[in-house]
Amino acid sequence: MAAAPDKAVKPTARKLVEAAADLFWRNGYEATGLAEIYQAAGVNSGSFYYFFKTKENLLLAVLDHHLDVMHARIFGPIRRASLSPVGKVFAVLGFYRDFLKNTGFEMGCPIGSLALELGSPSAQVRGRLSRIFDAWCAEIRGFLVEASAELPPGTDLDSLARFVLTVMEGGVMQARTARSLQPFDDSVEALQSHFALLKQRL
């Protein structure tokens with residue numbers, strides 16, 4: 001019988017995290033008040049403080065949520081797709097391109113947006129952001145390992161994966177600023193040229 005209340009309250013924590021994730025993404029972390037989160041989640045302040053001592057504690061849970069979503073909704077389907085390993089790398093970039101287009105440039109990468117906004121976060125938040133970026137790069141690196149036959153021996157796969165992340169984040173930021181896909185497409189085209197040059201060195 002003692003386990004029943006715990007099972008009942010877990011959905012409340014999930015509602016808070018999902019509501020906060022959406023509001024932080026749309027409006028920014030600093031601009032989002034706790035009252036907005038309570039309202040969006042349909043809970044009261046008591047429920048919030050039962051699970052989270054501070055807004056930053058909620059932010060940490062939101063970042064964990066984004067990590068789970070990244071694996072499940074972006075990399076999971078692409079990993080299972082019938083594409084070449086390099087094709088999977090560019091399918092990931094295509095996901096962000098489609099998202100920019102479908103949201104009218106209003107929404108970008110939630111992690112990149114938070115990292116830019118927070119500027120000087122606590123060590124715990126900074127560590128969580130870095131963990132997500134590292135996980136993103138690890139997924140890309142996995143595709144690059146599969147693509148080893150198309151890359152010169154000795155290619156630094158860690159640096160190349162980080163370069164792909166830089167292209168994505170930079171392209172998203174510039175596209176949102178310009179309200180145009182052109183900066184994103186130009187960045188991806190340059191990356192495609194880089195892969196072509198690497199293949200020529202075989």
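Phenylalanine 95 is partly exposed, at 32% relative accessibility. Here buried means under 20% relative accessible area, exposed over 50%, and partly exposed in between (1.4 Å probe, protein chains only). Tyrosine 96 is buried, with a relative accessible area of 8%. This is a predicted model: local features need pLDDT of at least 70, side-chain atom pairs count only at pLDDT 80 or more, and totals for chains, interfaces and linings use all residues. Residues are numbered from 1 along each chain as its sequence is written, and side-chain values use heavy atoms, leaving out hydrogens and water.

**Aromatic pairs**
- Rings of Phe, Tyr and Trp (its six-membered ring) pair if their centres lie within 6.5 Å; planes under 30 degrees apart count as stacked, over 60 as edge-to-face and the rest as tilted.
- By this rule there are twelve aromatic pairs.
- One of them joins phenylalanine 90 and phenylalanine 195 edge-to-face, 5.5 Å centre to centre with 70° between the planes.
- Phenylalanine 90 lies in helix α5 (residues 85-102) and phenylalanine 195 in helix α9 (residues 182-200), so this pair ties together parts 105 residues apart in sequence.
- Helices (H or I, at least four residues) are DSSP runs, numbered from the N terminus.
- Both phenylalanine 90 and phenylalanine 195 are buried.
- Phenylalanine 95 and tyrosine 96 also pair edge-to-face, at 5.5 Å centre to centre and 80° between the planes.

**Nonpolar core**
- A nonpolar core is a set of buried Ala, Val, Leu, Ile, Met, Phe, Trp, Tyr and Cys residues joined through side-chain atoms within 4.5 Å.
- The largest has 64 residues, of which Trp136 and Ile140 touch the most other members.
- Helix α4 gives the most to this core, with eleven residues.

How values were computed
Helices (H or I, at least four residues) and strands (E, at least two) are DSSP runs, numbered from the N terminus.
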